[in-house]
Amino acid sequence: MKQVYLKKKISNRVANGHPWIFANEVQKMDEGIGAGEIVDVFFDNGKFAGRGYLNSRSQIVVRLLTRDKKIEINEKFFMDRISDCWEYRQKTGYIENCRLVFGEADELPQLIIDKFNDYFVIQTLALGIDQWKPALVRAINKIFNPKGIYERNDVPVRELEGLSQQKGFLSQPFDPKIIIRENGLKFNVDLENGQKTGYFLDQQDNRRAIRNIVKDAEVLGGFTYTGTFEIHAAHYGARSVLGIDISENAVEQANRNAKLNKLDHVVTFETANAFDVLKQWSRDGRQYDVVMLDPPAFTKSRETIQKAITGYKEINLRGMKLIRPGGFLVTSSCTSLVSQDLFLQIIDMAAKDARRKIRQVVFQTQSADHPIIRGIENTQYLKFLIVQVQ
């Protein structure tokens, strides 16, 4: 096994369990290590730090898979690790649809596997894990005997690892447009062309959280994508629901989802820029009982974090102005660089500028099939908040 030695003065992050080792933390390494090869990592005093895969082209030069020197990284390792992931999901109640593997949180760095009933979507976002893709497919086939497996590696982050973007079948071809069930509702999922892996499973618990506040309410949803929150609102007894999104394709699918659940008499979707609509309608004096905002990530770079803060403040300020006194704001952020504390500060600033008093009802994060590991910041990214606006 090739070896990598760390510098004496490095962050406690590695010793405390974080799986990433950056290039500037490496003191020396054996010559001739191949890209993606499994290596043993040692602290400067010779103590074993872990075993993982190396890619000298990446800023994160090593990603650790285990801290146990006795564990070999082979096909059985991935079979056992995926079996452990499945056992955790079953124990926590995520069986039909779930994020089966959540990368670093499941000790499989840069691997995403989403389970949509009998269909699976894989993302291998680093060179080291990409080389084990055949073993991952065999493990899924053995454990689940699925109807189909699809690869969604059409993401730019792979290029940082020297990998090309690609997507396609990892099983016999099948119709990638499927229907899943969530909270008693049905939703169309396009595994081939939908965002990310085709559907946002991380909000499935949060969508239930609106059950009581939307009864008999007039609801506006911004950044609706395929309409999951809005259709839940209609299902939970809203009087009327309007969803808006800038994507015509997303709006078309949202309307199909409304018809699929026979709720198209309550909920409708329109193509519009949510930023523009929220600003104009607040000026026009429109009022709703509930406003729901579920925007995409506003930044993935620390250099543009201020732009993200400004964006979140703007949409939440406008959203609050559209709410009747005593109504509710449902708002989210999936920008990992915006911490929970910062997100709540942004909401407070928006309320102050809107001259509205807010009362927290619910504050949650992503569903538990996207587990959070303390000390690994990127495993906690979603913020979900409901406040009453007075």
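Start by selecting Gln-110, which counts as buried because its relative accessibility is 14%; buried means under 20% relative accessible area, exposed means over 50%, and partly exposed is in between, using a 1.4 Å probe and protein chains only. You'll find Gln-110 in the loop between β7 (97–102) and β8 (111–116). Those labels come from DSSP runs: helices are H or I runs of at least four residues, strands are E runs of at least two, and both are numbered from the N terminus.

A quick note before you click on: this is a predicted model, where local features need pLDDT of at least 70 and side-chain atom pairs count only at pLDDT 80 or more, while totals for chains, interfaces and linings use all residues. Residues are numbered from 1 along each chain as its sequence is written, and side-chain values use heavy atoms, with hydrogens and water left out.

Now show what surrounds Gln-110. Leaving aside residues up to four places away in sequence, Gln-110 touches Trp-20, Tyr-53, Arg-63, Gly-103, Glu-104, Gln-123, Thr-124, Leu-125, Ala-126 and Ile-129, where contact means heavy atoms within 4.5 Å.

Pick Arg-63 from that group. Which residue forms a salt bridge with Arg-63? The partner is Glu-161, and the closest N and O atoms are 3.1 Å apart. A salt bridge here is a side-chain nitrogen of Lys or Arg within 4 Å of a carboxyl oxygen of Asp or Glu. Arg-63 sits in strand β6 (residues 60–66) and Glu-161 in the loop between β10 (148–153) and β11 (166–169), so this pair links distant parts of the chain, 98 residues apart. Both Arg-63 and Glu-161 are buried.

The structure holds 21 salt bridges, so let's see another one. Select Glu-25 and Arg-13: their closest N and O atoms are 2.4 Å apart. Glu-25 is in the loop between β2 (20–22) and β3 (26–29) and Arg-13 is in helix α1 (residues 12–15), so the pair ties together parts that are 12 residues apart in sequence. Glu-25 and Arg-13 are both buried.

Next, helices. Select α2 (residues 75–91) and α4 (residues 133–144), which pack at an angle of about 50° with axes 9 Å apart. Axes are lines fitted to C-alpha atoms, for helices over the stretch in contact, and angles run from 0 to 180 degrees between N-to-C directions. Their contact includes Phe-78 and Trp-86 of α2, with Leu-136 and Phe-144 among the residues of α4.

Move on to α9 (residues 305–321), where Glu-314 and Arg-318 are four residues apart and so separated by about one helical turn. These two form a salt bridge with closest N and O atoms 2.8 Å apart. Are they buried or partly exposed? Glu-314 counts as partly exposed because its relative accessibility is 27%, whereas Arg-318 is buried at 15%.

Stay on α9 and colour its buried residues, which include Ala-308, Ile-309 and Tyr-312. The buried residues of α9 pack against elements including α8 (274–284), β17 (288–293) and α10 (340–354).

Last stop: α6 (residues 228–235), where seven of the eight residues are buried. Phe-229 and His-232 are among them. Just after α6, click Gly-237, which takes a positive phi of about 105°.
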